[in-house]
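Here is a quick walk through one model, with a look at a helix pair and then at a sheet and the helices on it. Have the structure open and follow along.

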Amino acid sequence: MKRKVTLKQIAKELDVSISTVSRALSNSKEIGEETRQKIQAFAKFYNYKPNNIALSLKNRKTKTIGILIPEIVHHFFSTVIRGIEVVANQRGYNVIIGLSNESFSKEVINMEMLANGSIDGFILSISKETLLQQDYHHFKETINQGIPIVMFDRVVNEVECDKVIVDDLIGSVNAVKKLISTGCRNIALITTMDYVSVGKLRTQGYLQALEESKIHPKASLILKLDDSLALEEHLDVLEKEIEQFFKSNNKIDGVFAVNELYAVTAMKVARKLDFNIPEDIQVIGFTDGVLSKHARPGLTTVSQHGQKIGEQAAHLLIDRLELEDDEGEIDDFEFVKDMKFKTVVIETELIERNSTK
C-alpha cells in the first residue's frame with residue numbers, strides 16, 4: 001500500500017514551495033504545465049487527499065455563502081437563489097439561506113449568527129423595515145469584520161459594497177410607454193411607499209414616461225399602498241383599496257403596478273367592475289412570476305431576470321473572496337475591502353401577454 005503524503009512532503013520531495021504545490025493541485029494556470037503535471041501525478045500516485053477541515057481552519061474559509069432574503073414565497077427571490085446556487089456549486093461553494101421576514105431585528109440576528117464563523121460572505125436583499133429605519137450599522141460592521149457583502153435588488157448608497165440591480169427606472173419607462181403606444185391616456189400607478197428603493201424608482205419611471213409623452217401626471221391616478229397589504233391575511237383589504245381607487249377614477253384606461261400582486265389584483269377588481277381586459281383597461285405589472293403566467297388574462301410584465309441577478313451576485317462575491325495571496329490567505333483585508341466596488345445593472349425585458357393590446 002502506498003503511503004499517504006502531506007502537502008509539505010510533496011513540496012520537499014519535488015523541491016518546490018508548499019504554495020506551488022497547493023496551486024498546482026488546484027490547477028492554477030500560474031504554475032507551468034510541466035510542473036503542474038509532475039506535482040499532480042506525484043500526488044495521485046501517493047493518494048494525496050487535502051484535509052478540508054484543516055484548510056478551512058488555516059485559511060479561515062468555510063466555502064459557504066450566506067443568502068439573506070426578505071421573504072421565501074416570492075417567485076423573484078426563489079429565482080435569484082437558484083442563480084446563486086448554480087454559480088456557487090460550479091465554483092465549489094455551498095449556500096445557507098436566512099430569512100428576515102421584512103424585519104430589521106431578524107435581519108440583524110441572522111447576520112450576527114451567520115457571520116460568527118459560518119460563512120465567508122453575504123448576498124442579501126434589504127428588509128423593508130431596515131429601509132424604513134435607515135439603520136445600516138449591521139452591514140457596515142459585517143464588512144469591517146472582513147466579511148464581504150453583495151446587495152441585490154434593494155440596495156442603498158450608504159453601504160459601500162458590490163451590488164446587482166435591475167434597470168427599474170428604464171423598465172418602468174418602457175412599460176408605461178407600451179400602454180401609451182396602444183392608446184392609453186389615463187394611466188394609473190399602483191405603487192409602494194417611497195422608502196422602498198425599487199418602488200421609488202418605478203414610480204419615477206412612470207412619471208418620466210408620461211412627461212416624455214406630453215401627458216400631464218395626475219396625483220389622483222397614483223395609489224400608494226402600505227406594504228403590509230401584500231400579506232396573505234390582508235389581501236381582502238388590498239382588493240378593497242384598489243376597488244375604491246377604481247371607483248373614484250372611472251376614466252382609467254391603463255394600469256402600471258410596481259409588482260405582480262398589485263397588477264393581478266387590479267385585473268380582478270377591473271373584471272368585478274365589469275371592465276373588459278384589455279379592451280377597456282390594459283394592465284402591466286413588474287416582476288414576471290407564477291401569478292403573471294397563470295392570471296386570466298395572462299399579465300404583461302417587466303421581467304427582472306432573477307436567475308441572472310443571482311448568478312452575477314455570486315460571481316461578484318466569490319471573485320472578491322478569492323482575491324488572495326500565494327499562500328491562499330488574505331494578508332491585507334483592507335486592500336481587498338478598498339478595491340473599487342462594482343454595481344452590475346441587469347436589463348429588464350417586457351413580456352407581452354393578453355392584458356395589453
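Contact here means heavy atoms within 4.5 Å. Keep in mind that this is a predicted model. With that cut-off, I10, E13 and L14 in α1 meet K38, I39, F42 and A43 in α3. Sorted by class, the α1 contact with α3 comes out at 5 nonpolar, no polar and 2 charged residues.

How do the two helices sit against each other? Helix α1 covers residues 7-14 and helix α3 covers residues 33-45, and they pack at an angle of about 125 degrees with their axes 11 Å apart. That angle is why α1 counts as oblique to α3. The crossing of α1 and α3 is right-handed.

## The sheet

Now over to the strands. Six of them line up in an open sheet with mixed pairing, and the order reads β7-β6-β8-β9-β10-β12. The edge spots go to β7 (222-225) and β12 (349-351); each has a single partner strand, so one side of each is left without a neighbour in the sheet. On average, neighbouring strands of this sheet are turned by 20 degrees against each other, direction ignored.

Two of the pairings are worth a zoom. Strand β8 (residues 254-257) pairs with β9 in the parallel sense, over 4 bridges, and A257 stands opposite G285 in β9. Strand β10 (residues 300-303) and β12 run antiparallel, joined by 3 bridges; here T301 has I351 in β12 as its bridge partner.

Is β9 enclosed or open to the outside? In strand β9 (residues 282-286), 5 of the 5 residues are buried, so β9 is largely enclosed by the rest of the structure.

In a regular strand, side chains alternate between the two faces of the sheet. Look for that here: Q282, I284 and F286 point one way from β9, while V283 and G285 point the other way, and all are buried.

## Helices across the sheet

Which helices lie across β9? One is helix α9 (residues 168-181), which lies across β6 (187-192), β8, β9, β10 and β12 and runs at about 170 degrees to β9.

Another is helix α12 (residues 260-272), lying across β6, β7, β8 and β9, with a run of about 160 degrees to β9.

Note on methods: Residues numbered from 1 in each chain as written. Predicted model: local features only at pLDDT ≥ 70, side-chain atom pairs only at ≥ 80, totals over all residues. Heavy atoms only, no water. Axes fitted to C-alpha atoms, helices over the stretch in contact; angles between N-to-C directions. Parallel < 35°, antiparallel > 145°, perpendicular 65-115°, else oblique. Left-handed = near helix turned anticlockwise from the far one by under 90°. Nonpolar A, V, L, I, M, F, W, Y, C, P; charged D, E, K, R; others polar. Buried < 20%, exposed > 50% of the residue type's maximum accessible area, 1.4 Å probe, protein only. Pairing = 2+ DSSP bridges.
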